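Here is a short briefing for a reader who is new to this structure. Take a look at the sequence and the model before reading on.

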Amino acid sequence: MTHALIKPHHLERSAYVYLRQSSPGQVRKNREGRQRQQAMAERVAELGWPAARIILLDQDSGQTGSSQHGRNDLHRLLEAIVTGKAGLVAARELSRLVRDNQDWSHLVRLCRFENVLLADEHRLYDPGDPQDRMVLGIQGAFNEFELSMILDRMQQSLRQKADRGEQYDALPPGYICRQPPLCEKHPDPRVQRAVEKVLGDFQRFSSARQLYLHLLDEMFQLPMVMHGSDWREVEWSVPSYSQILELVRNPTYAGLYVRGRRKAIVTLDSDGHKQTKRRRVPQDAWDVFLENHHPAYITREAWERNVEKIAANANVRGPLAKGAVGRGCSLMAGLLRCRRCGHRLQARYSSKGVRYVCFGGDRQRMGGSARCLAFSGGGLESLLAEEILEVVGPAGVEAAERAAQRLAMQHQQQRQLLIDRRQAAIEAEQRAAREYKQTDVTYTAVRQALGAEWETALARVAAEQSRLTEFDQRQPTLPTASQREQLARLGDDVKRLWNHPSAGGDLKQQLARVLIVEIVVDVHEELDEVLLLIHWSGGQHTQLRQARSNRRGKLPSGQLRSLIETLRKVLDDASLAAALNRERIRATRGQTWTRQRVQHFRQHAGIAGFDATLKEASGWLTQSETATRLNISPMSVHRLVGSGILPAEQPHRGLPMVISASNLRHQEVQRAVLALKSGHPRPLPDDPRQTKFF
């Protein structure tokens, strides 16, 4: 039959039948709904479209209708409308097309101006007709409202169930739910021991990655029950890094039931389409937090320490994060905080050792070129190591005893895990053998497949037994007497233990981070000293200071400023640069001096340049000018200054002097000059406390 709204030009175009189900679960389970949507093609054929012009669009199944993002068939449909290829758009319910009211209005608008009809299983719509357009507008608003109501009811139901601690998405390894809603530890003690090993070993390592690499070296396997499988079907497999990371920071192992660790954040992409992302939120923003909900593997305090350790190791969490313990020789990396700007200092390694630099001031000054501070860490590292050894020294013997106990405990734990893996392999072999023997001999192909599985299980048992035998041969059960004696000696001499070649930099960094909360650092520019304020974990504070390590010939900035302030009275920039280079005094970055560098330093330090008029008015004289005025040799002037008779300014040995003309009229200076001219080889000071030899 042909409807009155259908015109010949509609039939000349194609009819698009759109199919969509909202989730992959509906695609798998609700097959009847899909068949009902496919039946719309028959209704379109009844309206007059030939089968050759009926196009089914079913590639968007499993996609939500609240956004156009990722829906290729919807974009194909919109393109067909705009290009004039579509004469009819049909769906069992038009809400299958879009659930967003704005997208719906855009679709209706396109169909209106391109003269395209819309159809559902009940009626036909002409977007060009005002009444039909009003009905379609109301339907679009109701579609969005209906979706919001459905989602709201679902979320409220889940929230009520979660408030009672009965909503589980997936349980982590080591937990099962045999009788909902009861959450309990897996009854297999082998599974429990494997989980306890991972959580216990994390206390000995500074990061989750180091723990992961350690487990790989031990060929550790994590027991897991696959989703949908029976709790008795435990699979042992090598864990990934993400699985280990999630295990050590999962609050479930502390007996906590939590919901809302991640929140859905809705944003718009570059095309204006809505997209949803899930982000982690702080603990105080979690929806549900129930303590003592189920049996725990660790205490809540231990879980909080794990979370703090992981957060501190995150290098991308901002300028105050310590970062993970590295393999470098730096002892203070991640602990230093700039007193000036509050940012963490960065460690820079070179052939000369480690150097600490703070770039926080650059960021605060909107990209300025000056750094807050920088210094070499060689001497300070040694001072800090002495402070640490002084703190841990009294506990050396106790630490040695605990180390011996830990060696024994770790060995026993690792051996027990190998026994558990062998036992699991034996049980799998027994099940494979039972299935093979219970199969009738007439099922030849089945028995061949089951026989291959049995042989594989037998090979796994042999491999696990071989691994256990090799482990027993390689390591003793307990530390030997010589090992205990060696540990006791190391406990008495913690310094020798610290300097032992096997004590790597990462171990020392880890110990420093346990003992020290942070170190506030500053540089005294005038004294050219580095100041460290150590904040110990117990609340005590210690201050260390040391001269900043400089290159040969480089003076402290305060002394260099005073030097140039003095010499600029009698020397211009070029002469001053020559005098400094002659004495091998370098610039701030170790370069030789030039007129431009002297000028730049003066301007940066706020020092005026050489002024001949000011020099004349102030009576400033050089050594040669003084010798000319007194009619003596420059060497005699040098002797007068050296003996203390003639006052002079000489900021550094070997550099030019600055002498005031007013001092030449002093009686003591005049007597010494007269004595020199009378034939005395040396100036004779009139000081009764000084012995005269001629």
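The model is predicted. Its protein chain has 694 residues, and 39% of them count as buried. The secondary structure comes to 25 helices and 22 strands. Take contacts between residues at least 6 apart in sequence: 60% of these join residues at least 24 apart.

**Helix H5 against helix H6**

- Helix H5 covers residues 72–82, and helix H6 covers residues 101–113.
- Their axes lie 9 Å apart, and the two helices pack at an angle of about 30 degrees.
- That angle makes H5 roughly parallel to H6.
- An angle counts as roughly parallel when it is under 35 degrees.
- The crossing of H5 and H6 is left-handed.
- From H5, the residues in contact are Leu 78, Ile 81 and Val 82.
- From H6, Leu 107, Leu 110 and Cys 111 meet them.
- By class, this contact of H5 with H6 has six nonpolar residues, no polar residues and no charged residues.

**Helix H6 against helix H7**

- Helix H7 spans residues 130–163.
- The axes of H6 and H7 come within 9 Å and cross at roughly 155 degrees.
- H6 and H7 are therefore roughly antiparallel to each other.
- The cut-off for roughly antiparallel is an angle over 145 degrees.
- H6 and H7 cross in a right-handed way.
- On the H6 side, the contact is made by Asn 101, Trp 104, Val 108 and Arg 112.
- On the H7 side, it is made by Arg 133, Leu 136, Gly 137, Gly 140, Ala 141 and Glu 144.
- By class, the contact of H6 with H7 has four nonpolar, three polar and three charged residues.

**Salt bridges**

- How many salt bridges does a search of the whole structure find? The search finds 34.
- Side chains of opposite charge can pair when their charged atoms come close.
- Asp 188 and Arg 190 form one of these salt bridges, at 2.9 Å from N to O.
- Asp 188 is buried, at 16% relative accessibility.
- Arg 190 is also buried, with a relative accessible area of 9%.
- Another salt bridge joins the side chains of Asp 201 and Arg 204, at 3.6 Å from N to O.
- Asp 201 is buried at 3% relative accessible area, whereas Arg 204 is partly exposed at 26%.
- The side chains of Arg 344 and Glu 518 meet in a salt bridge of 3.9 Å, N to O.
- Arg 344 sits in the loop between strand E14 (336–338) and strand E15 (346–350), and Glu 518 sits in strand E18 (residues 516–524), so the pair ties together parts that are 174 residues apart in sequence.
- Both Arg 344 and Glu 518 are buried.
- Salt bridges with shared partners also join Arg 36, Arg 92, Glu 93, Arg 96 and Glu 121 into one network.

**Asp 420**

- Asp 420 lies in helix H14, which covers residues 396–438.
- Is Asp 420 buried or exposed? Asp 420 is buried, with a relative accessible area of 4%.
- Leaving aside residues up to four places away in sequence, Asp 420 touches Arg 190 and Arg 193.
- Arg 190 is the partner of Asp 188 in the 2.9 Å salt bridge above.

**Leu 5**

- Leu 5 is found in the segment before helix H1 (8–12).
- Its relative accessible area is 26%, so Leu 5 is partly exposed.
- Leu 5 and Asp 126 are 121 residues apart in sequence. In space, their C-alpha atoms are 7.1 Å apart.
- Not counting residues up to four places away in sequence, Leu 5 touches His 10, Leu 117, Leu 124, Tyr 125, Asp 126 and Asp 132.

**Pro 50**

- Where is Pro 50 found? Pro 50 is in the loop between helix H4 (40–46) and strand E2 (54–57).
- Pro 50 counts as partly exposed, at 34% relative accessibility.
- Pro 50 and Glu 12 are 38 residues apart in sequence, and 9.7 Å apart in space, C-alpha to C-alpha.

Conventions:
Residues are numbered from 1 along each chain as its sequence is written. This is a predicted model: local features need pLDDT of at least 70, side-chain atom pairs count only at pLDDT 80 or more; totals for chains, interfaces and linings use all residues. Side-chain values use heavy atoms; hydrogens and water are left out. A salt bridge is a side-chain nitrogen of Lys or Arg within 4 Å of a carboxyl oxygen of Asp or Glu. Buried means under 20% relative accessible area, exposed over 50%, partly exposed in between (1.4 Å probe, protein chains only). Helices (H or I, at least four residues) and strands (E, at least two) are DSSP runs, numbered from the N terminus. Axes are lines fitted to C-alpha atoms, for helices over the stretch in contact, and angles run from 0 to 180 degrees between N-to-C directions. Angles under 35 degrees count as roughly parallel, over 145 as roughly antiparallel, 65 to 115 as roughly perpendicular and the rest as oblique. A crossing is left-handed if the near helix is turned anticlockwise from the far one by less than a right angle, and right-handed if clockwise. Contact means heavy atoms within 4.5 Å. Ala, Val, Leu, Ile, Met, Phe, Trp, Tyr, Cys and Pro count as nonpolar, Asp, Glu, Lys and Arg as charged, and the others, Gly among them, as polar.
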